[in-house]
Amino acid sequence: MPATENPILPWHESSWLRVVEWSRLDRLPHALLLSAVRGSGKRDFAERLATWLLCSNPGDVACGECKHCRLRAAGAHPDIQVCTPADSRVIKVDQVRALTEFLVQSPQVAARKIAIVDTADQLNMNAANALLKTLEEPATDVNLLLLQHAGQRILPTLRSRCQVLSLPTPPIDTARDWLLSRLEGEEGRDPELLDHALALAGGAPLAAQALIHDGHLAAAEQCLSALRQYLKGQVVLSDAVAPFLKEGLASTLVFMGRWAQDLARLGAGGHGEDHQAHDMLSYLAQHNHPAEVHHLYARIQEARAGMTYNLNPELEIGQLLMAWRKLMPRKQARAS
Amino acid sequence: MKLTITREALLTPLQAIAGVVERKQTMPVLSNVLFVAEPDSLTLTGTNMEVELVAHVNEGLAVESPGRITIPARKLSDICRSLGEGTQVELALQGDQVHVRSGASHFTLSTLPAEHFPNVEEDAESFRLELAQADLRNLLEATSFAMAQQDVRYYLNGLMLEVGSNYLRAVATDGHRLAMSTLAVVTGSEEVRQLILPRKGTLELIRLLADADTSVMLVFGDNHLRATLGAYTFTSKLIEGKFPDYNRVIPRGGDKTFIADRQSLKATLQRAGILSHENIRGVRLQLQTNELGVFANNPDQEQAEDSLPVDYVGESLQIGFNVGYLIDVLNALEGNNVRMTLSNANSSGLIEDVDNGNSVYVVMPMRL
């Protein structure tokens, strides 16, 4: 729900001012594609922008006093619709049709209508096509805000109809400070823990916060140790899959994506971010050509794109683990 | 807020509003009705994001302390209905709950604050027009059946209302047939104004209009159409877009005109229609001097043949139509005799009443 009462996320400030400036110059595009790393606060930015656009006397931020701001705070503003996957991983065509119907009618209480699509990469093929027409020629009082996880594919015809605004991922210090302020008075303010969470979340603070809050960090450790044992041949595949499966395919892909990135960094002579996985990854990095590592990373990305369809999580995790195993030096593999 | 009201004074508007409020709401506050109690009046408001209905109550009412709050619409309406006739109902807000008392019955309902309710504020109005409810109702009923449903041409999913200096006109079309009805009324409008009322709003408005001479005030705003009838104020959103130029659709210069009895033509079409293709519903009309033959067949090789006497002299003509569209038109007309004007098998047909030319209907032919 709209978080107008919270201040804007510090790393969004410059992007925010840019959008405000566009609007002042009457150059705000009818469709914005907000692209950012998963868990870095895109939706917060979009909701905030929606509130600001609806507000009847906006300054640099929404006033918080007018009827529109109040309705937004109550989650009851009739002139905004959010399209997000309902009980599946994709946004279906019927949802887009309902959105289109909403967008061609006059606004109920405000001067304009706002649609948020969270996220555009989850639109299935039919839904994406159904959105094209609206995106191309919306009524003059429509603002479309499409969200996109950085690196996820969306239909090029969708992208070309939007102005892309890439929201930054904060530098590690900003992220750490923000996390600390968020975790005020709670357990788990241990700096090492924070860094670990941030590393796993790819530097995305909201994702890191979720990791800490939902106790995923311990689970990540279990996953890591399962992977480690599987690589050494100490456990069979089905046992190695279990802890990953418990976390779900989405988290699995996040974890594995992180490790694969670290692996690529180490292979290129850089440093990894996840210290707990350092020993394992540097061993793998020593014994593999960087091309192999990139191949693995591509495989993980592919699985992420495939998530929009109905992948069987167990099979998919199993296959990914086997892809990791291929990186083990042969002698070691035979010995196990 | 605290007030006492007779059951009937509350129940009637509440039921009308509960009819607008949909059961399945995405936002909790929308399943509530907004109560605004002033010292000597009570206003109830319900909305489903497309249409809003406001009811004003000032009889059978005693307001002890004014206030504003939203109360679950269906529950309150069910409670009122179940109470005995003629009883007094007391509504009192305490904290964030409202207490409903009547005799020995006592109910406590949850509420949501009034400022969470998205009620429509008065638009910048551009034009207003007063007319009899029955006239407006006839106009809408004569045309609304032809509105498109979920068409990608979104401007067809509604009814177009047009005001000129001496008429009010309603037009609806789904691309296959068109219905147009005109009411002669001095409007005082200097320019021709158009708006498109969405499908849902049109149907709700028809439901509200009485078949009586009492008046209704239509207010054309930039974003809304507002209709004030008696104690109710109805507001609907509009469809933003340009309605197609309907004048170009109405066929001119048809030279084959026949007159038929409406009821017997309808009955004949219905009989033949039974054996038409389930989805396509095509029937073939064979027009010749003083006789109209109607033929239908379906993929199962079943056939229907029927005919009726009509008033026609001229060349014979064979033409196919969707029987459903023809029957819809014959249902919407009211007179005894209808006139149908055709020109050839590829041009659309024009149907109107013989005595009353206010409504005209255009149906596209089919190739069979």
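Visitor: In this predicted model, which residues does B:S189 touch, not counting those up to four places away in sequence?

Guide: The model is a predicted one, and in it B:S189 sits in the loop between β13 (177-184) and β14 (193-198) of chain B. Leaving out residues up to four places away in sequence, the residues that B:S189 touches are B:F127, B:V163, B:G164 and B:S165.

Visitor: Which backbone oxygen does the side chain of B:S189 reach?

Guide: The residue lies in the loop between β13 (177-184) and β14 (193-198) of chain B. From there its side chain reaches, at 2.6 Å, the backbone oxygen of B:E191.

Visitor: Turning to another residue, where is B:T70 placed, and is it buried or exposed?

Guide: B:T70 belongs to chain B, where its place is in strand β6 (residues 67-72). The cut-off for a buried residue is a relative accessible area under 20%, and because B:T70 has 0% relative accessibility, it counts as buried.

Visitor: With which side chain does B:T70 form a polar contact?

Guide: The side chain of B:T70 has a polar atom that lies 2.7 Å from the backbone oxygen of B:L112. Not counting residues up to four places away in sequence, B:T70 touches a set of residues that includes B:V29, B:N32, B:L112 and B:F117. The side-chain to side-chain polar contact, at 3.0 Å, is with B:N32.

Visitor: How is chain B divided into domains, and how far apart are the centres of domain 1 and domain 3?

Guide: The domain assignment of chain B gives domain 1 (2-116), domain 2 (125-247) and domain 3 (251-363). Taken over C-alpha atoms, the separation between the centres of domain 1 of chain B and domain 3 of chain B is 51 Å.

Visitor: What percentage of the residues in chain B are buried?

Guide: Chain B has 6 helices and 25 strands, and its C-alpha atoms fill a box of roughly 80 × 50 × 35 Å along the principal axes. Among its contacts between residues at least 6 apart in sequence, 66% join residues at least 24 apart. Of the 368 residues in chain B, the buried share is 54%.

Visitor: What area is buried between chain A and chain B?

Guide: At this interface, 22 residues of chain A are in contact with 20 residues of chain B. Within chain A, the residues that lose the most area to chain B are A:Q105, A:S106 and A:Q108, which together give 35% of what that side buries. Carbon and sulfur atoms give 49% of the area buried between the two chains, which is about 1700 Å².

Visitor: Which element of chain A gives the largest share of the side that touches chain B?

Guide: Between chain A and chain B there are 10 residue pairs in polar contact. The elements that give two or more residues to the side of chain A touching chain B are α3 (67-73) and α4 (93-104). The largest share, 4 residues, comes from α4(A).

Visitor: How many salt bridges does the rule find across the interface of chain A and chain B?

Guide: One salt bridge between the chains joins the side chains of B:E240 and A:K113, with a nitrogen to oxygen distance of 2.6 Å. Across the interface of chain A and chain B as a whole, the number of salt bridges found is 2.

Visitor: Within chain A, what area is buried between domain 1 and domain 2?

Guide: Chain A is divided into domain 1 (3-166) and domain 2 (215-335), with 35 Å between their centres, taken over C-alpha atoms. In this chain, 7 residues of domain 1 are in contact with 9 residues of domain 2, and across their interface the rule finds 0 salt bridges. Carbon and sulfur atoms give 49% of the area buried between these two domains, which is about 620 Å².

Terms used. Residues are numbered from 1 along each chain as its sequence is written. Chains are lettered from A and ligands numbered from 1 in the order in which they are written. This is a predicted model: local features need pLDDT of at least 70, side-chain atom pairs count only at pLDDT 80 or more; totals for chains, interfaces and linings use all residues. Side-chain values use heavy atoms; hydrogens and water are left out. Domain bounds come from an automatic or database domain assignment. Contact means heavy atoms within 4.5 Å. Buried area is the accessible area (1.4 Å probe) that two parts lose on being put together, summed over both. A salt bridge is a side-chain nitrogen of Lys or Arg within 4 Å of a carboxyl oxygen of Asp or Glu. A polar contact is a pair of N or O atoms within 3.5 Å; within protein, one must be able to donate a hydrogen and the other to accept it, and residues adjacent in sequence count only if both atoms are side-chain atoms. Buried means under 20% relative accessible area, exposed over 50%, partly exposed in between (1.4 Å probe, protein chains only).
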